[in-house]
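Subject: Structure for your review

Dear colleague,

Please find below the structure that I am handing over to you. My notes on it follow directly after.

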Amino acid sequence: RRFSKIGRIFVANASLRQNINNANATLNAINHFPIETTSDTIAQRQIKDEQSTNWGASLSYTEPLGKGKYVVFNYARQNYNNRLKKDFYDRFERQETFNEALSRNFKQDYIYNRSGVNFRWNKKNLKFTTGLNWQYSELKGLLVSEEFELNKPFSNWLPSMRLNYEMGAANSLNFSYRPSVQEPSLQQLQ
């Protein structure tokens, strides 16, 4: 939304993404060990059920300060919900046995809230932005098969800076610094 004052802008964004990944696989492997002159056979059926739902929203408000100077206030929230169930069955002749040691059932929720302020300065050939964001995130996990719960909060200051200098029609110099924090994956947590 633009306002009557030039440069004053309010922006709102929202996103939603869902992913479902199911698989049913069969593993038949024969491993030969020449030094020991033995072999080993692996016969398994593997079932995977993985679902993830990610949604987020962000708000941004820009206030002009005059002569190419702006202050930008922002807020964002992201939710990542992941569920992974992977079952392994060892096959012997025509029978299957559930392999509890390899099977996993895991739930993970990662939520973060980020808010901050940026200062922008635009001149003819130069654009400079610097800012500071604070991010609070929380990682919750549950390893269902072992009844193990994980609840870990994180708090981070995230400074940023961007410089863009145009030296001509085809040449420019860019410098940017922007840290980010990424949660552990389901595989890392297991």
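A residue is called buried when its relative accessible area is under 20%, exposed when that area is over 50%, and partly exposed in between. Please note that the model is predicted.

By this definition E63 counts as buried, because its relative accessibility is 15%. E63 lies in strand β2, which covers residues 38–66. The side chain of E63 is in polar contact with that of Y61, at 2.4 Å. Leaving aside residues up to four places away in sequence, E63 touches K5, R8, K69, Y70 and V71.

The partner of strand β2 is β1: the two strands run antiparallel and are joined by 25 bridges. One of the pairings is that of N13 with S58, the latter being in β2. Together β1 and β2 form a hairpin, with four residues between them. In that turn, T37 has a positive phi of about 50 degrees.

Which residues form a nonpolar patch on the surface? The patch consists of F3, F10, L59 and Y75, and these residues have about 330 Å² of accessible area together. Of these, F10 is located in strand β1, which comprises residues 9–33.

Yours sincerely,
A colleague

How values were computed
Residues are numbered from 1 along each chain as its sequence is written. This is a predicted model: local features need pLDDT of at least 70, side-chain atom pairs count only at pLDDT 80 or more; totals for chains, interfaces and linings use all residues. Side-chain values use heavy atoms; hydrogens and water are left out. Patches are made of residues with over 30% relative accessible area and no salt bridge: like charges are joined within 9 Å, nonpolar side chains (Val, Leu, Ile, Met, Phe, Trp, Tyr) within 5 Å. Accessible areas come from the Shrake-Rupley method with a 1.4 Å probe; for residues, only the protein chains shown count as cover. A salt bridge is a side-chain nitrogen of Lys or Arg within 4 Å of a carboxyl oxygen of Asp or Glu. Buried means under 20% relative accessible area, exposed over 50%, partly exposed in between (1.4 Å probe, protein chains only). A polar contact is a pair of N or O atoms within 3.5 Å; within protein, one must be able to donate a hydrogen and the other to accept it, and residues adjacent in sequence count only if both atoms are side-chain atoms. Contact means heavy atoms within 4.5 Å. Two strands pair if DSSP finds at least two bridges between them.
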